[in-house]
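Subject: Structure handover

Hello,

The structure is below, and my notes on it follow. Please read them with the model open.

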Amino acid sequence: MEAVFVYTTFPDWESARKVVRELLERKLIVCANMREHEAMYWWEGKIEEGKEIGALLKTEVSKWKALRDALRELHPYDVPLIARIDLDKLNREYSEWMARVLFG
């Protein structure tokens with residue numbers, strides 16, 4: 001199994017939980033780790049500041065395109081970050097658990 005992480009951000013906990021739950025129900029991810037953080041970014045010609053929820057989504061490479069498409073469909077941002085992080089190594093036990101969840 002070839003595991004990947006996908007990183008995205010949400011404007012608030014409500015939207016993060018709603019989207020992550022939908023991704024879990026569709027079996028596109030096995031897990032999400034979410035954390036609130038301060039964000040600074042350019043938007044419409046000026047620097048914005050605020051809080052965002054970062055989400056690290058765990059899945060298998062064969063689910064990548066469907067996950068990306070689902071995030072585009074469900075995401076509240078006009079321009080969401082959807083970054084795939086390829087993993088070099090993953091412990092066997094976790095990899096086997098992921099396979100059971102996603103394909104079992």
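Leaving aside neighbours within four places in sequence, which residues is Phe10 in contact with? They are Ser15, Ala16, Val19, Glu52, Ile53, Ala55, His75, Pro76 and Tyr77, where contact means heavy atoms within 4.5 Å.

This is a predicted model: local features need pLDDT of at least 70, side-chain atom pairs count only at pLDDT 80 or more, and totals for chains, interfaces and linings use all residues. Residues are numbered from 1 along each chain as its sequence is written, and side-chain values use heavy atoms, with hydrogens and water left out.

Strands

Helices (H or I, at least four residues) and strands (E, at least two) are DSSP runs, numbered from the N terminus. Two strands count as paired if DSSP finds at least two bridges between them.

Strand E1 covers residues 3–10, and seven of its eight residues are buried. Buried means under 20% relative accessible area, exposed over 50%, and partly exposed in between (1.4 Å probe, protein chains only). E1 runs antiparallel to strand E3 (residues 46–60), with eight bridges between them; Phe10 has Ile53 as its bridge partner in E3. E1 is also antiparallel to strand E4 (residues 83–86), through four bridges, and here Val4 is partnered by Asp86.

E3 pairs with strand E2 (residues 31–43) as well, antiparallel and over 13 bridges. Ala39 stands opposite Gly50 in E3, and Arg35 opposite Gly54. E2 and E3 form a hairpin with two residues between them, and Glu44 in the turn has a positive phi of about 50°.

Cores

A nonpolar core is a set of buried Ala, Val, Leu, Ile, Met, Phe, Trp, Tyr and Cys residues joined through side-chain atoms within 4.5 Å. The largest has 16 residues, and those that touch the most other members are Val6, Phe10, Leu23, Ile29, Leu57, Leu67 and Leu71. At least two residues of this core come from each of E1, helix H1 (13–25), E3 and helix H2 (64–74). A second, separate core has five residues, among them Ala3, Val30, Cys31 and Leu102.

Salt bridges

The whole structure holds nine salt bridges, each defined as a side-chain nitrogen of Lys or Arg within 4 Å of a carboxyl oxygen of Asp or Glu.

- Glu38 and Lys51 form one, at 2.4 Å from N to O. Glu38 is in E2 and Lys51 in E3, 13 residues apart. Glu38 is exposed at 56% relative accessible area, while Lys51 is partly exposed at 48%.
- Arg72 pairs with Asp69, with the closest N and O atoms 3.7 Å apart. The two are three residues apart in H2, so about one helical turn separates them. Arg72 is exposed at 53% relative accessibility, and Asp69 is partly exposed at 40%.
- Arg84 pairs with Asp86 at 2.7 Å between the closest N and O atoms. Arg84 is partly exposed at 33%.
- Glu22, Arg26 and Glu73 are linked in a network.

Surface patch

Met40, Trp42 and Ile47 make a nonpolar surface patch of about 410 Å². Patches consist of residues with over 30% relative accessible area and no salt bridge, with like charges joined within 9 Å and nonpolar side chains (Val, Leu, Ile, Met, Phe, Trp, Tyr) within 5 Å. Areas come from the Shrake-Rupley method with a 1.4 Å probe, and for residues only the protein chains shown count as cover. Ile47 lies in E3 and is exposed at 51% relative accessible area.

Regards
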